[in-house]
Amino acid sequence: MSAIKKLSPAIKELRFLMCQNGQASAGARQFVQTAYPYLKKHNPDLPVLIREARGTPARAFARFEYGVEKHVELDNLSSTDVQTKVTEMLNGPSPSS
């Protein structure tokens with residue numbers, strides 16, 4: 001969870017959408033279960049919304065200052081791949097990409 005630390009104050013909200021029991025959302029569910037405590041510990045005032053609905057593709061959204069939004073698709077990814085995609089969404093791609 002080293003990538004989940006204090007986030008930029010420009011990030012105003014995180015939203016995770018996923019199916020509560022679909023196999024395609026398994027990596028996203030596992031990521032949220034393990035990352036949420038660290039995320040809230042380091043960013044206690046950041047709203048983090050988790051929405052589960054049957055058949056919903058796994059996705060993450062970030063709302064930044066001035067209403068700018070970014071999102072990434074997380075269907076059929078492992079928890080590690082979800083962490084990479086979310087980190088890239090929040091910080092931009094890593095130099096090794």
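Where does H1 bend, and which proline follows within four residues? I opened the notebook with that. The model is predicted, and I read it as such. H1 bends by about 45° at Ala35. The proline is Pro37.

**Entry: the whole chain**

I counted the elements next. The chain has two helices and four strands. I walked along from the N terminus and wrote down β-α-β-β-β-α. The chain has 97 residues, and 36% of them count as buried.

**Entry: helix H1**

I went back to H1, residues 26-42. I checked its length against the number of residues. H1 has 17 residues, which at 1.5 Å a residue should span 24 Å. Its end C-alpha atoms are 25 Å apart, so the span agrees.

Which residues of H1 are buried? I listed Gly27, Ala28, Arg29, Phe31, Val32, Ala35 and Leu39.

I asked what covers the buried residues of H1. The cover includes strand E1 (11-18), strand E2 (48-52) and helix H2 (79-91).

**Entry: H1 against H2**

At what angle do H1 and H2 pack? I noted about 70°, with the axes 8 Å apart. An angle from 65 to 115 degrees counts as roughly perpendicular, and H1 and H2 are therefore roughly perpendicular to each other. I listed the residues that make the contact. H1 brings Gly27, Ala28, Gln30, Phe31 and Thr34. H2 brings Ser79, Val82, Gln83 and Val86.

**Entry: His42**

I looked at His42, which lies in helix H1. His42 has a relative accessible area of 25%, so it is partly exposed. How far apart are the C-alpha atoms of His42 and Lys6? I noted 5.1 Å. Along the chain these two are 36 residues apart.

**Entry: Ser25**

I found Ser25 in the loop between E1 and H1. Is Ser25 buried or exposed? Its relative accessibility is 1%, so Ser25 counts as buried. I left aside its neighbours within four places in sequence and listed the contacts of Ser25. They are Met18, Cys19, Thr56, Ala58 and Asp75.

**Entry: Phe64**

I moved to Phe64, in strand E3 (residues 59-64). Phe64 has 12% relative accessibility and therefore counts as buried. What does Phe64 touch, not counting residues up to four places away in sequence? I wrote down Ala10, Ile11, Lys12, Lys70, Met89 and Leu90. I also looked up Ser8. Phe64 and Ser8 are 56 residues apart along the chain, and their C-alpha atoms are separated by 9.4 Å.

**Entry: two loop residues with positive phi**

I looked up Tyr66 in the loop between E3 and strand E4 (69-73). Phi of Tyr66 is near 60°, a positive value in a residue other than glycine. Is Tyr66 buried or exposed? At 81% relative accessibility, I put it down as exposed.

I then looked up Asn76, which is in the loop between E4 and H2. Its phi is near 60°, again a positive value in a residue other than glycine. Asn76 has 64% relative accessibility, so it counts as exposed.

**Entry: Lys85**

My last stop was Lys85, in helix H2. Lys85 has 34% relative accessibility and so counts as partly exposed. Which residues is Lys85 in contact with, leaving aside its neighbours within four places in sequence? I noted Val72, Glu73, Leu74 and Leu77. I also checked Ala60. The C-alpha atoms of Lys85 and Ala60 are separated by 9.1 Å, and the two residues are 25 apart along the chain.

Key:
Residues numbered from 1 in each chain as written. Predicted model: local features only at pLDDT ≥ 70, side-chain atom pairs only at ≥ 80, totals over all residues. Heavy atoms only, no water. Buried < 20%, exposed > 50% of the residue type's maximum accessible area, 1.4 Å probe, protein only. Expected span 1.5 Å × (residues − 1). Bend = angle between axes of the 7 residues up to and from the residue. Contact = heavy atoms within 4.5 Å. Axes fitted to C-alpha atoms, helices over the stretch in contact; angles between N-to-C directions. Parallel < 35°, antiparallel > 145°, perpendicular 65-115°, else oblique.
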